[in-house]
Number of protein chains: 2
Amino acid sequence: MEQLRTLEQALGEVVCTFQRYCRKEGDRNTLSKAELRSLLQNELPSLQTLQIKGRAFEEMLTLLDTDQDGEVNFEEYIRFVAAAFTFFHLYFRDAPVVQPRV
Amino acid sequence: MEQLRTLEQALGEVVCTFQRYCRKEGDRNTLSKAELRSLLQNELPSLQTLQIKGRAFEEMLTLLDTDQDGEVNFEEYIRFVAAAFTFFHLYFRDAPVVQPRV
């Protein structure tokens, strides 16, 4: 698998992923349910092992959509990303000195 | 330049970058001044054009180090990352339909 080159690239990728999926349909600045589903499936493949679909997917959208407008805006997306960072951090914290780049 | 493959890789990279630099010296869970300087120089090359050094670097550290213990912990790092996301988002928001992967 290819490696990331710099943190800068990783930061850009997190933002551009949101923007690419937002622009697929409807409001260009928010993720619809379909766009969010597509993003999670394509961009977070590990989530597939958690079988997040049907009712579980609806519950996840409700958690993310804190202003309850049925869409996920950038601020809500970043809150989700920050939660994912904490998960990764706890997961890798006690790993050997040099973690492999994922 | 190589492309990132998934959002998942990008998230992992943001976390592992912090952890790699933390472990270079001193406290393995926080960034010292030297570790932060090294991280910014190597991982955020665009910052070099802003000439963040000397007093400007000290001011940046003070901003990041909200608990004022002279080190940057994970929570403080993620706050910095979230600010960077907002900067990237505003920068790319009005870009053409498909942004290049950075």
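Which residues form one aromatic cluster with F18(A)? The cluster consists of F18(A), F74(A) and Y77(A). This is a predicted model, in which local features need pLDDT of at least 70 and side-chain atom pairs count only at pLDDT 80 or more, while totals for chains, interfaces and linings use all residues. Residues are numbered from 1 along each chain as its sequence is written, chains are lettered from A in the order in which they are written, and side-chain values use heavy atoms, with hydrogens and water left out.

**Chain A overall**

- Chain A contains 4 helices and 0 strands, where helices (H or I, at least four residues) and strands (E, at least two) are DSSP runs numbered from the N terminus.
- The order of its elements from the N terminus is α-α-α-α.
- Of the 102 residues in chain A, 48% are buried; buried means under 20% relative accessible area, exposed over 50%, and partly exposed in between, with a 1.4 Å probe and protein chains only.
- Contacts are heavy atoms within 4.5 Å, and among those in chain A between residues at least 6 apart in sequence, 40% join residues at least 24 apart.
- An unreviewed UniProt entry places the feature "domain: EF-hand" at residues 52-87 of chain A; such annotations may be inferred rather than shown by experiment.
- Over residues 52-87 of chain A, the chain is 67% helix and 0% strand, with the end C-alpha atoms 17 Å apart.

**Nonpolar core and contacts between chains**

- The largest nonpolar core has 58 residues, and those with the most contacts inside it are Y77(A), F85(A), Y77(B) and F85(B).
- Such a core is a set of buried Ala, Val, Leu, Ile, Met, Phe, Trp, Tyr and Cys residues joined through side-chain atoms within 4.5 Å.
- Two or more residues of this core come from each of α1 (7-22), α2 (33-43), α3 (55-64) and α4 (74-92) of chain A, and likewise from α1, α2, α3 and α4 of chain B.
- Leaving aside residues up to four places away in sequence, F85(A) touches L11(B), V14(B), V15(B), F74(B), I78(B), V81(B) and F85(B).
- T6(B) lies in the segment before α1 (7-22) of chain B and is buried at 14% relative accessibility.
- With the residues up to four places away in sequence not counted, T6(B) touches E13(A), N42(A), E43(A) and P45(A).

**Helix α3 of chain B**

- In helix α3 (residues 55-64) of chain B, the buried residues are F57(B), M60(B), L61(B) and L64(B).
- Viewed down the axis of α3(B), these buried residues fall within an arc of 100 degrees, so they line one face of the helix; the arc is that of the directions from the helix axis to the C-beta atoms.
- R55(B), T62(B) and L63(B) are exposed on the other side of α3(B).
- The cover over the buried residues of α3(B) includes α2 (33-43) and α4 (74-92) of chain B.

**Aromatic rings**

- Over all chains, the whole structure has 11 aromatic pairs; rings of Phe, Tyr and Trp (its six-membered ring) pair if their centres lie within 6.5 Å, and planes under 30 degrees apart count as stacked, over 60 as edge-to-face and the rest as tilted.
- The ring centres of F87(A) and F88(A) are 6.2 Å apart and the planes are at 80 degrees, so this pair is edge-to-face.
- F87(A) is exposed, with a relative accessible area of 55%, whereas F88(A) is buried at 14%.
- F18(B) and Y77(B) form a tilted pair, with ring centres 4.8 Å apart and planes at 35 degrees.
- Because F18(B) lies in helix α1 of chain B and Y77(B) in helix α4 of chain B, the pair ties together parts that are 59 residues apart in sequence.
- F18(B) is buried at 1% relative accessibility, and Y77(B) is buried at 2%.
- R37(A) lies over the face of F57(A), at 4.2 Å from the ring centre; a charge sits over a ring if NZ of Lys or CZ of Arg is within 6 Å of the ring centre and within 35 degrees of the ring normal.
- In chain B, the charged end of R37(B) sits over the ring of F57(B), 4.2 Å from its centre.
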